Amino acid sequence: MPENIYEARMAGCTLTGALSVACFIPGAVAVVHAPQGCVHQTFSILHAMANESDLWTVPEILVSDISDREVIFGGEERLSATLDTAAAKKPDLIVVVTSCVPETIGDDCGVICSRHPYADRIVYVPTSGFLGGSAKDGENAVLEALATHAPVREPVPGTVALIGEKNLESEADQNYAEVERLLNRLGLRVTVRFCRNCDYATLMQLGTAACFILRDDRAADAGKRIGERFGRPVISEFPHGLSGCLTFLRAAGEACGVVEERIAAAIAEETAYQGSMLEKFANLSGTAVFLGAEPFTGTAEVAREAIARLDMQESTDGFSIRLPFYLPIGTAGVEKMLYLWRRTVNNG
Amino acid sequence: MRQIALYGKGGIGKSTTSANLSAAFSEMDLDVMQIGCDPKHDSTRMLMHGRWIPTVLEQMYERKDLTAEDVIFTGFGGVRCVEAGGPEPGIGCAGRGIIATFQLLEKMKALYGNVVVYDVLGDVVCGGFAMPMRDGYAQEVYLVTSGELMSLYAANNICKAIARLSQRSTARCRLGGVICNSKNMDNERELVAEFAHRIGSNLVQFIPRDKAVQAAEVNQMTVIEHAPQSPQAEVYRELAKTILANEDLRIPKALELDELEHLAREYL
């Protein structure tokens with residue numbers, strides 16, 4: 001019996017992860033070398049997530065539609081024909097991803113892509129999940145392949161690229177706004193959101209950013225390699241929790257070469273801002289709460305910091321409050337969490 | 001209906017043995033079918049007088065109205081010949097091709113007659129090539145080998161597959177015996193007989209190396225047809241009679257590699 005028989009269900013399909021990035025690039029076409037069913041299954045999930053995120057874009061996805069015939073005789077011609085169809089649309093980019101089947105039968109997809117007349121605009125990402133990948137690996141593989149496509153350029157001081165924001169993540173734009181607010185305190189500006197609806201022209205600007213900030217540590221390995229390729233510092237995740245914001249300000253400031261006085265001023269401003277935010281919840285002081293299950297590691301730590309700062313108590317007899325499903329980002333994330341708690345305490 | 005599969009290392013002479021065996025069965029007034037399970041699709045060529053018959057796989061995706069007549073061709077002695085076919089070397093999945101062929105033949109109800117002979121690619125390289133041994137197709141497997149170590153090694157591997165498949169409740173596949181297709185080595189008959197004994201089976205036929213085989217092949221015929229009076233033709237007839245009479249079907253016990261190598265050294 002495999003050791004990870006229970007954990008495996010959390011890993012997800014590599015193709016799904018890959019498509020969650022590949023099919024949300026404006027101006028690009030995603031080509032999936034797979035049986036139709038793999039794409040349908042994947043897109044059903046993506047479609048449900050898109051609905052939840054009020055995202056109504058219908059991505060351009062072409063599937064090579066491998067069947068029994070291609071399994072037996074090879075699917076390379078089918079991929080080539082699908083690339084022809086994609087290229088006829090003259091997209092800015094073609095991102096080719098694969099299901100498990102091509103790797104099983106030994107299709108040499110890399111060669112087919114590299115020999116195609118449109119090869120300069122084709123990014124091939126092998127994403128056969130049975131080789132041990134997860135959805136996270138699929139996301140990261142596409143991120144890294146796209147980053148490799150962007151040229152290395154001279155960094156523009158004061159600019160930042162965000163890497164790995166999920167297109168289908170709920171609250172992606174609120175989280176972005178919070179990170180942008182914090183960076184603005186340091187005089188930094190976000191020039192590339194890679195790949196949050198990042199078109200080809202924006203992607204080509206990736207190398208101009210002076211610093212890369214990863215959405216979360218799921219992309220840590222890919223982010224490290226991307227940072228090495230461009231010779232840029234990499235911050236491993238968006239800030240969580242109150243103290244996490246302050247740490248983030250220092251790390252981002254130092255990574256971007258911001259002078260110490262400006263970093264210290266930004267931290268002081270944010271500390272004061274957090275203080276005034278917490279004052280709005282002063283009526284929670286002394287309230288006993290019981291934290292529910294932690295959906296993602298780190299959420300409870302953020303919550304406990306807020307409990308301590310508001311002089312609340314943790315008790316099994318306290319109000320049962322729910323932790324946010326995703327890690328709260330920045331001061332705004334904590335504030336939103338506290339609104340939810342207060343509503344629970346006041347209204348049950 | 002007897003369903004017989006011949007397995008062995010590539011180039012050992014499975015197709016020659018299969019075709020002559022089918023021809024010998026046909027001389028006994030049996031209704032015989034031979035199915036080549038190798039992408040090389042040359043199993044039945046001598047029965048078809050050198051003709052490369054259209055394969056099942058090259059037709060099944062081109063034609064929706066495919067019938068048994070399109071994939072079954074009558075050769076020498078009325079032997080019904082089928083070639084599974086498969087992909088070119090280096091691409092696709094030949095094993096899946098064998099499975100698809102069997103599924104189609106089953107759907108067409110094409111597997112009938114007194115004897116069906118399956119001639120299967122060199123080694124059991126994946127589950128697809130084990131298909132003739134599965135699902136109640138071939139009930140008896142004959143290993144074709146010479147005294148060369150690598151040939152015995154391949155035969156030994158097939159024993160592992162038979163032993164594994166025989167554990168399934170639906171499996172009826174057993175080892176019928178070992179056929180030695182001689183390479184004119186010293187002590188070859190004794191070596192192969194001892195190998196057969198150690199895996200728990202018997203040497204059912206020793207086929208000597210004979211120019212009659214080459215002569216028949218260049219004339220695009222089986223030995224049975226080209227030189228019916230030759231001693232070699234008699235050997236194949238003998239093999240056919242032995243197989244028909246054989247009721248001694250066993251689950252083999254594959255040798256460890258050390259033991260196999262030691263055995264080969266003993267008979268050098």
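Reply: Let's start with a rule for reading strands: two of them count as paired if DSSP finds at least two bridges between them. Please keep in mind that this is a predicted model. The part I've picked is the sheet of chain B, together with what packs on it.

Chain B has an open sheet of eight strands, and their order across the sheet is 3-4-2-5-1-6-7-8, with mixed pairing. At the edges stand strand 3 (73–74) and strand 8 (203–207) of chain B; each has a single partner strand, so one side of each is left without a neighbour in the sheet.

What joins strand 1 of chain B to strand 5 (residues 115–120) of chain B? Five bridges do, and the two strands run parallel. One pair to look for on this side is B:L6, whose bridge partner in strand 5 of chain B is B:D119. Turn to the other neighbour and you will find five bridges between strand 1 (residues 2–8) of chain B and strand 6 (residues 140–145) of chain B, again running parallel. Here B:Y7 has B:L143 of strand 6 of chain B as its bridge partner, and B:A5 stands opposite B:V141 in strand 6 of chain B. As background, strands of a sheet pair through backbone hydrogen bonds, either parallel or antiparallel.

Is strand 1 of chain B enclosed or open to the outside? Count its residues: six of the seven are buried, so strand 1 of chain B is largely enclosed by the rest of the structure. To see what "buried" asks for, note that 20 or more other C-beta atoms must lie within 10 Å of the residue's own.

With 15 residues at 1.5 Å a residue, helix 9 of chain B should span 21 Å, and its end C-alpha atoms are 21 Å apart, which agrees. Which residues of helix 9 of chain B are buried? They are B:Q232, B:A233, B:Y236, B:L239, B:A240 and B:I243. Looking down the axis of helix 9 of chain B, you would see these buried residues within an arc of 115 degrees, so they line one face of the helix. On the face turned away from the buried side, helix 9 of chain B carries the exposed residues B:P231 and B:A245. And what do the buried residues of helix 9 of chain B pack against? The answer is strand 1, helix 1 (14–27), strand 7, strand 8, helix 7 (211–218) and helix 8 (223–226) of chain B.

Now move to the loop between helix 6 (188–198) and strand 8 of chain B, where B:G200 is found. B:G200 is partly exposed, having 14 other C-beta atoms within 10 Å. If you set aside its neighbours within four places in sequence, B:G200 is in contact with B:R250, B:P252 and B:K253. For a sense of scale, B:G200 and B:Q34 lie 166 residues apart in sequence and 27 Å apart in space, C-alpha to C-alpha.

Last, step out to where chain B meets chain A. The contact takes 10 residues from chain B and nine from chain A. On the side of chain B that touches chain A, helix 4 (residues 94–107) of chain B gives the most, with three residues. Sorted by class, that side of chain B has six nonpolar, three polar and one charged residues.

Methods:
Residues are numbered from 1 along each chain as its sequence is written. Chains are lettered from A and ligands numbered from 1 in the order in which they are written. This is a predicted model: local features need pLDDT of at least 70, side-chain atom pairs count only at pLDDT 80 or more; totals for chains, interfaces and linings use all residues. Helices (H or I, at least four residues) and strands (E, at least two) are DSSP runs, numbered from the N terminus. Two residues are in contact if their C-beta atoms, placed from the backbone, lie within 7 Å. Ala, Val, Leu, Ile, Met, Phe, Trp, Tyr, Cys and Pro count as nonpolar, Asp, Glu, Lys and Arg as charged, and the others, Gly among them, as polar. The expected span of a helix is 1.5 Å times one less than its number of residues. A residue is buried if 20 or more other C-beta atoms lie within 10 Å of its own, exposed if 12 or fewer, and partly exposed in between; C-beta atoms are placed from the backbone. The arc is that of the directions from the helix axis to the C-beta atoms.
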